[in-house]
Amino acid sequence: MKKKDAKTKPSAENKTIKENDEGLSKNKRKDGSADIEAMAKEIPEDEIWTYRVPGLSAPRIHEDYSKAKSKKIIFVAVIIVAISLSIYFSVRAVQSDPFKFKQNDSGYTLTKFTNTGYITKLNIGYVTDVEYFKDVNDPKKNYKIIEDKSKKVTAIDEYAFNCDEKITTINIGASVTDIKPMAFYSCYALKNFTVDKNNPKYTDIDGVLYTKDGKELVCMPIDYDSYLREKNGYKEALTPDDSGYDVYKKKCATYVVPETVEEIGPLSCNYNEMVSIYLPSGLKNIDTLAFFKAVSLEKISTYEGSADKMTKVYLSLPEGLEEIGSDAFSYDQALDYMFIPKNVKKIGHHAFWETAYKQDGNILGINEMNVERSESEFGSVETGDQWIPKFDSGLFRKNIPINYSSERKNGS
């Protein structure tokens, strides 16, 4: 039998829709939904491929798609243009606004620096911008940094230089008197600081940033060891297997914190590559994340006297230390000894997280904690969650043992 042509009989389609709507109204389920089976029976068999559901466009059966290819080409072209414009404006945004500042009560705060990709040295003292040369295509040479000498920068906000991988030297101007703890977080290429001698709040000591009074270590650059290598004439880092390593270690991988320092600031020495650190006996606080992921750090020693003339040296933390901040030594797995002096009153959460680990059945790193106080006396110490190192033990992680009433190990 010859099928009916639905296109030549619109009245039949309208009739089908009307009859179907009536059928649905008679076949409602208790939950209000239509009876799909009843609906299907309402559609004439010879119109099943052209049936139009009310509210939806008609199905495209046997239509001519000869123009589909050209439509596809147009669509792809539009997408390409959109992506190109996006990239163009993104690049323009980066080029036109590498510095962000906000006004404060005493001047301006540097809130964000986005490197052009080629800035390695930067002065921070005035509101700064980058001017680009339209006729120069080389991105290394197509700009210059300009300063507005009428607008002084007095503060650097936290994360202002977050994860910058190009800056090697930062010069702090005389007007900068407020640097937030995380201002230079994860600046992996940063080698050294210099500070204007007229700055009343900060100073630099051989490339490391300190407060002017010398009481706080503010920031040891992450790539400080490269600075020391350049200073001492080494082209590359040496390993313990290399000839002359002991001399190299003393000159380029050992750092003596000045005797005036009472506080190792938050994130001040994180990620640094020092192998040996000497702390002054007058140190009182090691702040949050101070030595976070200093994975090369093998030994901490304390000295009495001056940095130039040590009268006594002993292993581990200073006798006068009062506080160890959260995550202060997290992930420092090269350390194998830790002694908590009796004057410590507070240990933050995860202070020694992941400093113990299991290898070939042995517990390495800080595999035991030596505490000068007795167990009952240590109960008065404020300790944060999971301050004690853990190691894998079957299905569980187990705390390393704590040796209470312990004596300090001999050595330096």
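**Buried sites, ring pairs and voids in a predicted model**

Asp-332 is buried, with a relative accessible area of 0%; buried means under 20% relative accessible area, exposed over 50% and partly exposed in between, with a 1.4 Å probe and protein chains only. The structure is a predicted model, in which local features need pLDDT of at least 70, side-chain atom pairs count only at pLDDT 80 or more, and totals for chains, interfaces and linings use all residues. Residues are numbered from 1 along each chain as its sequence is written, and side-chain values use heavy atoms, with hydrogens and water left out.

Asp-332 lies in the loop between strand E18 (323–324) and strand E19 (339–340). Helices (H or I, at least four residues) and strands (E, at least two) are DSSP runs, numbered from the N terminus. Contact means heavy atoms within 4.5 Å. With neighbours within four places in sequence left aside, Asp-332 is in contact with Phe-291, Phe-292, Lys-293, Ala-294, Val-295, Leu-297, Glu-354 and Thr-355. Phe-291 is 41 residues from Asp-332 in sequence, yet the C-alpha to C-alpha distance is 7.8 Å.

One of these partners, Glu-354, sits in the loop between strand E20 (346–347) and strand E21 (356–359). Glu-354 is buried, at 19% relative accessible area. Its phi is positive, about 60 degrees, although Glu-354 is not a glycine. Most residues other than glycine have a negative phi. Leu-289 also has a positive phi, near 60 degrees. Leu-289 belongs to the loop between strand E15 (285–286) and strand E16 (299–305).

The protein chain holds six helices and 27 strands. Of its 412 residues, 39% count as buried. Among contacts between residues at least 6 apart in sequence, 52% join residues at least 24 apart.

Aromatic pairs were searched over the whole structure, and 19 were found. Rings of Phe, Tyr and Trp (its six-membered ring) pair if their centres lie within 6.5 Å; planes under 30 degrees apart count as stacked, over 60 as edge-to-face and the rest as tilted. The ring centres of Phe-113 and Phe-161 are 5.3 Å apart and the planes stand at 40 degrees, so this pair is tilted. The pair links distant parts of the chain, 48 residues apart: Phe-113 is in strand E2 (residues 108–113), and Phe-161 is in the loop between strand E5 (143–156) and strand E6 (169–172). Phe-113 is buried at 4% relative accessible area, and Phe-161 is buried at 0%. The pair of Phe-378 and Trp-387 is also tilted, with centres 5.7 Å apart and planes at 40 degrees. Both Phe-378 and Trp-387 are buried. Ring pairs join Phe-99, Phe-101, Phe-113, Phe-161, Phe-184 and Phe-193 into a cluster.

Charges also sit over rings (NZ of Lys or CZ of Arg within 6 Å of the ring centre and within 35 degrees of the ring normal). Lys-293 lies over the face of Tyr-331, at 4.9 Å from the ring centre. The charged end of Arg-397 sits over the ring of Trp-353, 5.3 Å from its centre.

Grid points are joined across faces, edges and corners, and a volume is the space filled by probe spheres set on the points. Strand E3 (121–124) is among the elements that supply at least two lining residues, and E3 gives the most, with three.

The second largest pocket holds about 280 Å³ of space. Of its 14 lining residues, the closest to the centre are Asp-206, Tyr-224, Thr-254, Tyr-255 and Val-256. Helix H4 (224–232), helix H5 (245–252) and strand E12 (254–256) each give two or more residues to this lining. H4 provides the largest share, four residues. The buried residues of H4 are Tyr-224, Asp-225, Ser-226, Tyr-227, Leu-228 and Arg-229. Their cover includes strand E8 (192–195), strand E10 (208–211), H5 and E12. Just after H4, Gly-233 takes a positive phi of about 80 degrees.

Methods
1 Å grid on protein atoms, 1.4 Å probe; cavity = no way out; pocket = protein on both sides within 12 Å on 5 of 7 lines; lining within 4 Å.
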